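Let's take a friendly walk through a protein model together.

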Amino acid sequence: MGDLELLLPGEADVLVRGLRSFPLMEMGSAGWNQQHENLEKLNMQAILDATASQGEPIQQLLVTHGKVPTLVRELIAVEMWKQKVFPVLCKLEDFKPQNTFPIYMVLHHEASIINLLETVFFHKEVCESAKDTIMDLVDYCHRKLTLLAGRSGRGEPPEEEEAEDVPPMKELQTQAELMEFEIALKALSVLRYITDCVDRAHVSTTEGPVQQERSAPQPLQLLLQSTHCSTQHAAPLAGKLQQFEGGRWQTVAPSEQQKMSKLDGQVWIALYNLLLSPEARARYCLTRFAKGQLLKLRAFLTDILIDQLPHLADLQGFLARLALVEPQPPKKDLVFEQIPEIWERLERENKGKWKAMAKHQLEHMFSPSEHDLRLQAQRWAETYRLDVLEAVAPERPRCAYCGAEASKRCSRCQNEWYCCRECQVQHWETHRKACVQVTPGGRVK
């Protein structure tokens, strides 16, 4: 590990051993909240380990104790909760919470798990340790990529609404939508890491991405759409172009607009793995429609793109040969195909219980007392240490006034960053109201 540690090796082992799957009815319970906090700690420690490039104890512990399938089951469970129970909560007329933090924690749970999986799935042994649940994870990524392609096709980044007197549940719905976009991007990275394993991982790894022709659009066609949207990811905004990098939308300088983004790179590598791997190609039934969709990739394989990712020259050659080949008729042999079962099982077990589940959680989980909220806030303050948050941030903080890399923080609220004293003075009138609201005893003069 690096010099900065959130968990000691013994603590990490205990937390990983204790990971378990929770029924949907227990989402937001005391035990569930404790596991969520533990997952956040494991998530941040995994990022610290990966950043320091000194061993990967969290990844090793997850494999040793066989907890990757548990994470996949929890990921899909909270996804189902968000789709089936959260909308019911939002429609309950008698539910007007003063504090939506407990519900936000459940919504954020999906982001925490997919972020942890993105960090550890870089290692092929983690992908192998997922065993049969790898098919469910591929199916999950497919759903998220459908969302990503649909959202990107609109050509606009999701924006947080700025309005006064927004009802708490309406604001929570907006936050959930913004979070869903970032989750989809994480799922894209996870799927790319899964495609890295087609030559050695469990057999369902290759079956998932290449045989889901029962879905529409197919994963390969969906990746094609995502590629197109990624190259157009820079959305017009105030006469500038923006790309989503480092967890936020950033303005792209004119000289950098031909540079491949990380998201584009993930899509192209995934396509390369699926189309050029002998194991994946042997399982893929190339229909006339699929061939037509794949040949559309040639329009994006420019010399500038290949200069940045030279392996794509092999993909370009493959597509050139594919254009000269007639698709073979589908085989009529008996085919055994694994299908994802976690989503179907959860839906079958909880069908017709969504409203009752929402009312139960409203009464027992999402209406905490002031005392309970204070205790929860204290636990989160211990979990999210300031030094750890700064270490796991995707990039260095920026000056709130000029945008340059910053090293100094507002001495009163400790929230805003500046590169120099002059910028802080210039920005004070803008920052003053927010500063005094979080400073004990502060008041606006």
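Which residues of α17 are buried? They are Ile342, Trp343, Leu346 and Asn350. Seen around the axis, these residues cover an arc of only 100 degrees, which puts them on the same side of α17. Just after α17 comes Gly352, with a positive phi of about 80 degrees.

**The whole chain**

Keep in mind that this is a predicted model. The protein chain contains 21 helices and 4 strands. Of its 445 residues, 49% are buried. The accessible surface is about 23100 Å², and carbon and sulfur atoms contribute 51% of that. Among the contacts with a separation of 6 or more, 75% are between residues 24 or more positions apart.

**More helices with a buried side**

Now look at helix α18, residues 354-364. Its buried residues are Trp354, Met357, Ala358, Gln361 and Leu362. Viewed down the axis of α18, they fall within an arc of 135 degrees, so they line one face of the helix. On the other side of α18 you will find Lys355, Glu363 and His364, which are exposed. And what do the buried residues of α18 pack against? Their partners are α4 (68-84), α5 (86-91) and α17 (342-350), the helix we began with.

Helix α3, residues 57-64, can be read in a similar way. Here the buried residues are Ile58, Gln59, Leu61 and Leu62. Their arc around the axis is only 165 degrees, which puts them on the same side of α3. After α3 comes Gly66, with a positive phi near 65 degrees.

In soluble globular proteins, nonpolar side chains tend to be buried together. In this model, the largest nonpolar core has 96 residues, and the members that touch the most others are Trp81, Phe86, Phe121, Leu137, Tyr140 and Trp268. Helix α9 (residues 168-195) gives this core its largest share, 14 residues. The core also draws at least three residues from each of domain 1 (1-203 + 339-394) and domain 2 (257-336).

Leaving aside neighbours within four places in sequence, Leu137 is in contact with Val72, Leu75, Leu117, Phe121, Val190 and Ile194. A second, separate core has 6 residues, including Cys399, Cys410, Tyr418 and Cys423.

Cys197 is in no disulfide, as the nearest cysteine sulfur, that of Cys127, is 3.5 Å away. Cys197 is also buried, with a relative accessible area of 1%. Cys420 is in no disulfide either: its nearest cysteine sulfur belongs to Cys423, at 3.7 Å.

Another cysteine to find is Cys402, in the loop between α20 (386-392) and β3 (408-409). Beyond its neighbours within four places in sequence, Cys402 is in contact with Cys419 and Cys423. The C-alpha atoms of Cys402 and Gln426 are separated by 9.9 Å, and these two residues are 24 apart along the chain.

Leu48 lies in helix α2 (residues 30-52).

Is Lys131 buried or exposed? At 53% relative accessibility, Lys131 counts as exposed. You can find Lys131 in the loop between α7 (124-129) and α8 (133-153). Most residues other than glycine have a negative phi, and most peptide bonds are trans. Lys131 is not a glycine, yet it has a positive phi of about 55 degrees.

Here are the relative accessibilities of some residues from our walk, side by side.

| Residue | Relative accessibility | Class |
|---|---|---|
| Cys197 | 1% | buried |
| Leu48 | 8% | buried |
| Cys402 | 44% | partly exposed |
| Lys131 | 53% | exposed |

How values were computed: Residues are numbered from 1 along each chain as its sequence is written. This is a predicted model: local features need pLDDT of at least 70, side-chain atom pairs count only at pLDDT 80 or more; totals for chains, interfaces and linings use all residues. Side-chain values use heavy atoms; hydrogens and water are left out. Helices (H or I, at least four residues) and strands (E, at least two) are DSSP runs, numbered from the N terminus. Buried means under 20% relative accessible area, exposed over 50%, partly exposed in between (1.4 Å probe, protein chains only). Contact means heavy atoms within 4.5 Å. Accessible areas come from the Shrake-Rupley method with a 1.4 Å probe; for residues, only the protein chains shown count as cover. The arc is that of the directions from the helix axis to the C-beta atoms. A nonpolar core is a set of buried Ala, Val, Leu, Ile, Met, Phe, Trp, Tyr and Cys residues joined through side-chain atoms within 4.5 Å. Domain bounds come from an automatic or database domain assignment. A disulfide is a pair of cysteine sulfur atoms within 2.5 Å.
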